[in-house]
Amino acid sequence: PISPEMTAAGLRRLVRGLLKKLLLAESAAAVANAVYALAPEQLGMGLAWLGAVSYCFQIFFDFSGYSDMAIGLGRIFGFRYLENFDYPYISASITEFWRRWHISLSTWFRDYVYIPLGGNRCGLARQALNLLIVWSLTGFWHGAGWNFVMWGLYYFVILFIEKLFLLKALDKLPKLFRHVYALLLIVIGWVIFASDDVSVLLPYLGSMFGANGAVGGMDVYTLFTKAALLIICCVASTELPKRLFLSATGAMNEKAAFTIKSVMTIALLALSMILLIGDSYNPFLYFRF
């Protein structure tokens, strides 16, 4: 069934996804591409982390924006697609991260590979083998490259360790420490994922952890000029904007709230059109995989 309410909600979701791609993902991509174009030995710690974090935001806003557009288009035509992202960067563990990131992929592998293999219903050694098979396939699903194989094995090791004992230990720590732990491993995971040339992977990770010195003058300048973008991306990857918007419109009557939402949607669509006209062809990053 198609209704005006669903069509309006779908249009809002479509425009939100479009803006994520055009404004946030493309801005983060420009920074990440500039950093990754440098040789690892040219990178101080600050620049290396800037490139890695920018790529994290690029892939999140690119793919979640793409998913928002698909969900919004579906809703316009009367279909209700499942959510594909649930604020993954607020996770406090890697196990939680994979419940929130690319939900359609992770649930597919769970339902059609992990559970048919036996899932958690068998001994520890078989559970480890099942996880290894799932994450090897997840890596290969993204492409036949050593970086994807290493990325899959990386998450297999972390998730198995969390399953063994680490999750229980993490639960005893303050949430801030658990969040920092998860984000650190997520950033390193995306560095592995993005390293098409695996020969630069270890040098790049070395740069992130001070192999080429700490923060230099160029690092400070670049970080300062990109600070606003990083702050906007940080806030936009959390539930805060949604909560603020719901809080602001919740006190209004239905007609006023609908008017505000409509005006904002038209304004954001106009901004998206301006960004599209002023830019070149930028396909979705996840189309590669």
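Predicted model: local features only at pLDDT ≥ 70, side-chain atom pairs only at ≥ 80, totals over all residues.

Residues are numbered from 1 along each chain as its sequence is written, and side-chain values use heavy atoms, with hydrogens and water left out.

**Entry 1: backbone angles**

Most residues other than glycine have a negative phi, and most peptide bonds are trans. I went looking for exceptions and found His102, with a positive phi near 45°. His102 sits in the loop between α3 and α4 (103-117). I count His102 as buried because its relative accessible area is 6%, and buried means under 20%, exposed over 50% and partly exposed in between (1.4 Å probe, protein chains only). Tyr87 also has a positive phi, about 50°, and is not a glycine. I placed Tyr87 in the loop between α2 and α3.

**Entry 2: the largest pocket**

Rolling a probe the size of a water molecule over the atoms shows where empty space is left. On a 1 Å grid over the protein atoms alone, a pocket is an open set of points where a 1.4 Å probe fits, with protein on both sides within 12 Å along at least five of seven lines; lining residues have an atom within 4 Å of a point. The volume is the space filled by probe spheres set on the points, which are joined across faces, edges and corners.

I read about 1200 Å³ for the largest pocket. Its lining has 35 residues, and the closest to the centre are Arg13, Arg16, Lys20, Tyr87 and Lys242. Two or more lining residues come from each of α1 (4-36), α2, α10 (227-236), α11 (240-250) and α12 (254-277). Helix α1 gives the most, with 9 residues.

**Entry 3: salt bridges**

I searched the whole structure and got 9 salt bridges, each a side-chain nitrogen of Lys or Arg within 4 Å of a carboxyl oxygen of Asp or Glu. Lys20 and Asp68 form one of them, at 2.9 Å from N to O. This pair links distant parts of the chain, with Lys20 in α1 and Asp68 in α2, 48 residues apart. Both Lys20 and Asp68 are buried. What are Lys20 and Asp68 linked with in a network of salt bridges? The network also takes in Arg13 and Glu83.

I also logged Arg100 with Glu96, whose closest N and O atoms are 2.9 Å apart. Those two lie in helix α3, 4 residues apart, about one turn of the helix. Arg100 counts as buried because its relative accessibility is 16%.

**Entry 4: aromatic pairs**

My rule: rings of Phe, Tyr and Trp (its six-membered ring) pair if their centres lie within 6.5 Å; planes under 30 degrees apart are stacked, over 60 edge-to-face, and the rest tilted. The count by this rule is 34 aromatic pairs. Phe63 and Phe85 make an edge-to-face pair, 5.2 Å centre to centre with 85° between the planes. Phe63 is in helix α2 (residues 45-76) and Phe85 is in the loop between α2 and α3 (94-100), 22 residues apart. I found both Phe63 and Phe85 buried.
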